[in-house]
Amino acid sequence: MGNKLRNLEIIKSFKTLKGNTRISILFEPMWGIPYALYNFYLSLYMKGQGITDQQIGYLIGINFITGAIFALASGAITDYLGRKKTTLIFDLISWPTALLIYMVANNFWMFVLASVVNSMVRIVSVSFTLMLVEDADDDQRKTAFTVLNVMNIFSGLFTPLAGVFVKNLGIIRAERMLLGFAAVSMATMMILRNRCYTETKVGMEILKEREEKKFSTDFRFNLFDSTLEYLKKKPSVFIVMSILVLFNVYLPIGTLNSLYFAPYLTEVLKQDESLISVLGGINSIVILLILVFLVPRLNKKDSLWPLCAGLILQLSSLLVFIIIPPGSFLAVASAITLYALGFGLFRPRIDSLFAEVTEGKERAGLYGLNNTLTSIFSAMAGFFSGKIYNISPVSIYILSLVILLLCFIGLISYTILEKKAFFPRNKLPRRKKDSIQS
């Protein structure tokens with residue numbers, strides 16, 4: 001059994017990772033597991049304290065509006081402080097600090113404060129991503145994004161444990177306990193990981209350049225002038241960024257990460273409150289199987305079929321959510337399975353594709369702009385989704401379906417512009433007879 005695990009492609013690929021890339025992944029479970037435990041029931045925790053569906057929409061919108069403001073400064077802050085220092089400071093603020101506020105919150109305005117503090121993650125998402133990819137080559141980046149997703153999805157296997165706590169302690173007590181555990185685990189991880197990190201090569205070059213300049217002329221909020229010029233010269237990068245932005249807008253609205261997901265299951269589809277956490281486990285198992293056994297074997301060249309297939313499967317999942325009648329757990333589980341298959345194929349490939357098409361010192365600005373656009377459009381979608389959910393909950397999944405269709409159009413545009421094919425032109429080589437084991 002041990003030999004079989006060591007022979008898995010993903011394990012072999014992980015062994016090629018070095019430095020900051022390897023460290024980022026090794027520490028990820030200390031963030032991922034507590035996040036999976038508390039996040040699944042966060043919306044029901046809010047509703048248990050009097051927060052309405054409309055207010056949940058406001059909270060999503062507020063989070064992304066303030067996130068857009070922080071994202072505007074993210075590239076400049078990351079370049080000025082360095083990738084390593086930025087990651088430590090804003091990770092500690094946006095996660096442990098925000099979670100402690102959530103833990104003691106008992107009214108709408110306390111939840112607003114927690115959302116605003118958490119939105120500083122728009123800064124750290126740039127610096128952390130650069131720590132992950134900047135010193136790695138293209139193959140290592142593909143592996144890093146795949147393994148990172150494996151780590152976070154594996155964490156989802158612990159979601160049913162949250163259901164046990166909710167069943168025995170009630171939603172309020174259980175969620176506060178899980179939030180406290182998450183705050184402690186994440187803070188510990190961030191401090192230990194920072195001790196192992198070293199500044200990236202590009203980061204050190206930028207810091208060295210900035211040491212020769214004065215604060216007043218050097219540090220300013222970068223409005224992406226050079227980044228926009230870069231995108232004008234490379235429209236294919238703009239298309240990939242647009243697809244990534246749209247997908248990131250869709251995630252907090254029409255997936256398991258949505259604050260509407262648990263209320264929709266319990267209130268509209270009439271599923272048991274403590275049982276729905278099992279769906280998180282199903283989701284994690286399916287995505288893990290895809291990431292561990294299929295994704296590492298995919299063509300590493302220019303084939304885009306995983307992106308295409310991933311979108312089609314997720315669209316199918318949304319259609320199931322739109323048409324299924326209340327009370328059918330099997331139908332809900334089927335929809336989750338389709339989503340998991342699609343997410344497992346699409347997410348690591350779109351992340352690695354964006355890392356590939358960006359380059360050099362422009363990366364911080366490109367990721368900062370990506371986060372800014374994501375925040376702006378997510379804020380608009382958050383306010384809008386709260387209103388339409390109030391009128392007709394199923395409209396959330398119709399909106400999500402439209403967003404994924406736009407992603408599909410973007411993917412087609414990219415293939416035409418870059419003259420790439422969805423499917424590999426060359427067939428896989430046949431195995432030699434003597435290599436086949438019975």
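At what angle do helix H6 and helix H7 pack, and how far apart are their axes? In this predicted model, where local features need pLDDT of at least 70, side-chain atom pairs count only at pLDDT 80 or more, while totals for chains, interfaces and linings use all residues. Residues are numbered from 1 along each chain as its sequence is written, and side-chain values use heavy atoms, with hydrogens and water left out.

Back to the two helices. H6 covers residues 53-81 and H7 covers residues 83-104, and the two pack at about 120 degrees with axes 6 Å apart. Helices here are DSSP runs of H or I with at least four residues, numbered from the N terminus. Axes are lines fitted to C-alpha atoms over the stretch in contact, with angles running from 0 to 180 degrees between N-to-C directions. That angle makes H6 oblique to H7; under 35 degrees would be roughly parallel, over 145 roughly antiparallel, 65 to 115 roughly perpendicular, and the rest is oblique.

Which residues meet there? From H6 come Ile77, Thr78, Asp79 and Leu81, and from H7 come Arg83, Lys85, Thr86, Ile89 and Phe90, with contact taken as heavy atoms within 4.5 Å.

Now for the charged pairs. Side chains of opposite charge can pair when their charged atoms come close. Counting a side-chain nitrogen of Lys or Arg within 4 Å of a carboxyl oxygen of Asp or Glu as a salt bridge, the total comes to nine. One of them joins Glu134 and Arg83, at 2.8 Å from N to O. Glu134 sits in the loop between H9 (121-133) and H10 (138-155) and Arg83 in H7, so the pair ties together parts 51 residues apart in sequence. Both Glu134 and Arg83 are buried, meaning under 20% relative accessible area, with exposed over 50% and partly exposed in between (1.4 Å probe, protein chains only).

Arg193 and Asp91 also form a salt bridge, at 2.6 Å from N to O. Since Arg193 is in H12 (residues 171-196) and Asp91 in H7, this pair links parts 102 residues apart in sequence. Both Arg193 and Asp91 are buried.

Asp138 is partly exposed at 36%, whereas Arg141 is buried at 9%.
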